[in-house]
Amino acid sequence: MRIALRIALAASAALLTLGVAQAQETTLRIGTEGAYPPFNNLTSDGQLVGFDIDIAKALCDEMKVKCTFVAQDWDGIIPALQAGKFDAIVASMSITPERQEKVDFSHKYYNTPSALAVPKDSTLKGVTKEDLAGKTIGVATTTTHFNYASKTYTDSTVKGYPSSPEEQADLANGRLDAIEDDIVVLQQFLDSPDGACCKILGQPSPQPVEIFGPGAGIAVRKGETDLVNKLNSAIDAIRANGKYKEINDKYFKFDVFGAES
Amino acid sequence: MSVTAALAERPPPRARGWPRSRVIGYAMVGFWILFGLGIVAYLIFAWNADFFAKYAPAYLKGLQTTLLLVCISMVLGAILSVPVAYGRMSSNRILSGLAYCYVYFFRGTPLLVQTYLVYYGLGSFRAELQTVGLWDFFKDAFNCGVFAFALNTAAYQAEILRGAIESVPRGQWEGAASLGLHKLQTLRKIILPQALIVALRPYGNELILMVKASAIVAIITVYDLMGQAKLAFANSFDIQAYIWVALVYLVMVEILRHGVEWIERRITIHLKR
Amino acid sequence: MPSQNIWILLSWGPDGWIDDIAYGALVTIALALATLPIGLTIGFFVAWAKQSEEPSLRLAANIYTTVFRGLPELVTLFLFFFGVPILLQHLVRYFRPDATIDVNSFVAGMIVLSLIFSSYASEVFLSAFRAIPKGQYEGGYAIGLSNWLTMRKVILPQLLRIAFPGLENCWLSLLKDTSLVSVVGLAETLRNAYTAARVTKHAFLFYGVAALVFLGLAVVSSFATSAILRSLGKREAQR
């Protein structure tokens, strides 16, 4: 019993120190999803890779801080930021008004349009509400694509998935008639062996900025203006010194930054 | 039965005033009251008519899905549990071995893994399933959930059934046999009525476990109660999304628990002395 | 179906995923083992409170088990994982405005599983309490042991032996429930299988492997518990 008690005491002590450990290091902890290739993804040895990761590393070099990465599921990524599990989100998060109520954003670091993909033998002709009436569309939940799909395709069934790879798998195996996602993410999927089933149907048009936002930015906790300013000047710096283009060209054949703002 | 009556009276007569246990007890109850008030205060403070208007109908729909899922899985599981229980009690080595493996697998692995295996796992065998005409069934996430849950609960229900039947003394079988009843008649008229009294409480527990476990289907794109809560939380980042859903589950489980107790009291009235 | 070679995917090393799943299995075991002593301790005290003569203690203990047995494990986990950091943060901000609270998923999982495990274990302990005749308490008091010492030296050793089979079931549920922590991102068995399935698209393969890991853990546990039961039985026989 005495041993059991001691173990219990030791365990509760460990728990307290772990649970209330304060995170006040000088390193910047960056949260990302790890399920959104080619922007961020996990490898079999547990490494995070992708455009977001390379950009974040470049920004950290520019700001002269040490960065560590944390993988976090998409639907809990903003709560996790607010709870202090990391200090910034670099995960292709679009700058939208609803999110701005909860977090502060840097300027955009890229902007690519939304698109729909369908099986190659699909009879669908277009991407309007009428074209897709009665169909089942898969989208990753709590993304701008999801918000657009649930507002626009009101005559279709919109199914929410935890992340993009699941929706892609269900498109490939025929559970879905279409998926909506970032065009770059869709293209990556279509170029892989699993995506051989499918093709891009088209891009919804217009893509309202109230829903999609001006592009993907870096999210930080509300009120951390200092960090936002540093991030903004770092983004400008890597745009100017060619670092951005180097990373861009490693992943894409075109400039994903979109129009200069 | 009162707990205290069954236990020893401590040598010192029951203390008046404030013995240590009462101090701790009052402190604990006080903590719970504070906790409850805290939740109520939070819900009032965070009361958001928009939130309610937007998500309450969704929660109701989710509740329907949850109840439907649990009911269908429980019934299918009950049907499937009969042959499994039969196999478990059979003297045929192969039959009982197969039933044992079935029960061991479904009780030995997490339901979440089983659900993933059915939904995402079978998704990669589309071509094979299509040739046998089963794909249309597995296409739907709700069906996949029901399938996984029914297989799972069948394993548990088979064990409940077996335990209950085995709890009936052998003499009952022998007595029935000496009256010239054959086995099936004996089972139906003599054994099952007695076994079901024993099995009622475990069945009730299994039902409660299923209601709780059904929250898992939220992860395979079914919008049950939990799925709606997840969606509401993801859209609003408001923790009350989970608090409301927790209250609904708690009320549901309590109703079931007291319902089972009430039924048990009713059907064991003849056993009371 | 994707065309990658299954044996490469199941290899140990940078191209394979078996090392990740094996590491996940270690996390699963560590989480279950870390939960066990806390859960047992709380469960014991809750059961003790439930059979106390003091009505307020019984009430508090009954509320505890009602809440944690009534809530789905997943809901408790989400509430704790997302709610408690926000709550703590509000409290800590009174003292240090810039502090952030980090509850990592292992600790959150450990606490939530302890709460759930202890509420089930308390039921097992409670029925064990009822199985111990009151003469045992009276004997303890008669030789001048205090309430606490009687509990520790006389009741608890018998209690553990009676409760053991029931606790074994609680342990098996605990092992399975650890998989739920995967949904808040703890890199345990199922989580790593999920990542592997997501990246390689071999869902059936990797979830199958995860199922086998859990099955293996269950088999090992039943061997271990029967060994413990045997030694308990032996000691009893020696008396």
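Which helices of chain C each supply at least two residues of the lining of the second largest cavity? They are helix 4 and helix 5 (105-131), helices being DSSP runs of H or I with at least four residues, and strands runs of E with at least two, numbered from the N terminus. Helix 5 of chain C gives the most, with three residues.

This is a predicted model, where local features need pLDDT of at least 70 and side-chain atom pairs pLDDT 80 or more, while totals for chains, interfaces and linings use all residues. Residues are numbered from 1 along each chain as written, chains are lettered from A and ligands numbered from 1 in written order, and side-chain values use heavy atoms without hydrogens or water.

A cavity is a set of points, on a 1 Å grid over the protein atoms alone, where a 1.4 Å probe fits but cannot get out; lining residues have an atom within 4 Å of a point. Points are joined across faces, edges and corners, and volume is the space filled by probe spheres set on them. There are three cavities of 30 Å³ or more.

| Cavity | Volume | Lining by class |
|---|---|---|
| Largest | about 420 Å³ | 17 nonpolar, nine polar, six charged |

Of the 32 residues lining the largest cavity, D75(A), P162(A), A218(B), I219(B) and K230(B) lie nearest its centre.

How values were computed
On a 1 Å grid over the protein atoms alone, a cavity is a set of points where a 1.4 Å probe fits but cannot get out, and a pocket is an open set with protein on both sides within 12 Å along at least five of seven lines; lining residues have an atom within 4 Å of a point. Ala, Val, Leu, Ile, Met, Phe, Trp, Tyr, Cys and Pro count as nonpolar, Asp, Glu, Lys and Arg as charged, and the others, Gly among them, as polar.
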